[in-house]
Amino acid sequence: MKRILFPTGIILLLFFFVCCPTEALSASKEGLNLWLNTLLPTLLPFIILTGILIRTNTAEKIFAPLEHLWNILFGITAPGAYALTLGLLCGYPMGAKITSDMYTHNRISKREAEYLLTFTNHASPVFIRTYLIHLCLKDSIRTGTVYGILLLSSFLTMLLFRFLVWKGVTATQKTDFENQKTEPSAIGSIGTLLDASIMNGFETLTRMGGHILLFSVVSAFIRHFLKTESAAGYLILGTLELTTGLHFLALSGLPFKIRYLCSMCMTAFGGICILAQTKSLLHQNLSVTPYIFAKCLNTAITALLSLIFIQVI
């Protein structure tokens with residue numbers, strides 16, 4: 001089935017470029033503009049700096065004093081806590097990227113890495129405040145309420161995976177490569193360290209840019225050939241690419257409660273574009289399956305909590 005659907009999709013997109021060059025070009029420019037003016041200046045410094053901290057083992061040392069607390073609350077090690085914290089602050093797909101880097105540099109085990117993927121990849125606070133609360137919800141719901149629902153749903157997702165899927169704490173299991181950890185003195189010169197981190201940052205952002213560009217065109221294709229002026233249509237757009245979905249949902253004339261439910265679910269899921277970015281950034285030994293199941297569960301919990309909130313207000 002994949003061998004048929006994928007080439008068919010590519011042919012349809014090429015057909016779209018030939019038949020509707022203006023729309024296709026406009027969509028390409030929108031995707032490129034998002035990448036160049038938002039993601040590149042925002043994420044590149046974080047990727048470079050976090051790469052240096054991981055390679056020098058500094059990140060692990062920063063979070064080590066509270067490792068026992070991380071173990072109790074989340075069942076993770078100090079390096080895992082670093083991935084969790086940066087994932088919450090930096091947004092998609094930094095949580096998955098740092099988790100993969102921690103595994104690549106032998107700071108965490110494969111088991112902990114795949115467990116972390118279930119709750120470290122989130123929309124950033126800036127994105128939630130700007131796109132979700134201000135643009136889509138028109139500041140009609142308090143920021144703390146929106147953050148609270150999204151964080152609570154992620155925490156509940158973590159608990160379900162921790163105790164039902166992984167059957168308890170994962171942090172007590174040492175990494176498979178514990179005796180191979182690289183000491184800071186063995187990494188090389190500062191120049192070599194900087195070069196490696198910078199090249200890693202540009203490679204990561206280039207991959208992300210390609211995905212954003214492609215999915216922007218796919219979204220334009222769907223808007224052109226399918227009627228999306230309904231809650232289901234906007235959910236399709238948001239499931240495909242989060243920013244596009246929220247943008248057109250904000251311009252729709254749908255009732256506020258429908259926009260609220262749709263936008264919360266879109267943000268919790270992240271979109272297939274983010275999924276593709278996440279998959280491309282993961283170490284080849286890590287499976288993306290736990291992430292997919294976790295995002296679906298997280299979306300369902302977010303929808304339930306949002307419905308409860310609607311009934312209260």
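Which residues lie nearest the centre of the largest pocket?

1. First, the ground rules. This is a predicted model, where local features need pLDDT of at least 70, side-chain atom pairs count only at pLDDT 80 or more, and totals for chains, interfaces and linings use all residues. Residues are numbered from 1 along each chain as its sequence is written, and side-chain values use heavy atoms, with hydrogens and water left out.

2. To the opening question: Phe6, Ile10, Leu214, Phe215 and Val218 lie nearest the centre, out of 21 lining residues. The pocket holds about 670 Å³ of space. On a 1 Å grid over the protein atoms alone, a pocket is an open set of points with protein on both sides within 12 Å along at least five of seven lines, whereas a cavity is a set where a 1.4 Å probe fits but cannot get out; lining residues have an atom within 4 Å of a point. Grid points are joined across faces, edges and corners, and a volume is the space filled by probe spheres set on the points.

3. Who builds that pocket? H1 (2-19) gives the most to the lining, with seven residues. Helices here are DSSP runs (H or I, at least four residues), numbered from the N terminus. By class, the lining has 16 nonpolar, three polar and two charged residues; Ala, Val, Leu, Ile, Met, Phe, Trp, Tyr, Cys and Pro count as nonpolar, Asp, Glu, Lys and Arg as charged, and the others, Gly among them, as polar.

4. The second largest pocket has a volume of about 480 Å³. Of its 25 lining residues, Thr38, Leu39, Tyr92, Ser124 and Phe127 are the closest to the centre. H2 supplies the largest share, six residues.

5. There is also one cavity of 30 Å³ or more in the whole structure. Its lining is Phe269, Gly271, Leu275, Tyr291, Ile292 and Lys295, and helix H15 (residues 289-312) gives the most, with three residues.

6. Two backbone spots are worth a look. The peptide bond from tyrosine 92 to proline 93 is cis, with omega near -15°, and proline 93 sits in the loop between helix H5 (78-90) and helix H6 (94-104). Asparagine 57 has a positive phi of about 65° although it is not a glycine; its place is the loop between helix H2 (21-55) and helix H3 (58-63). Most residues other than glycine have a negative phi, and most peptide bonds are trans.

How values were computed. Helices (H or I, at least four residues) and strands (E, at least two) are DSSP runs, numbered from the N terminus.
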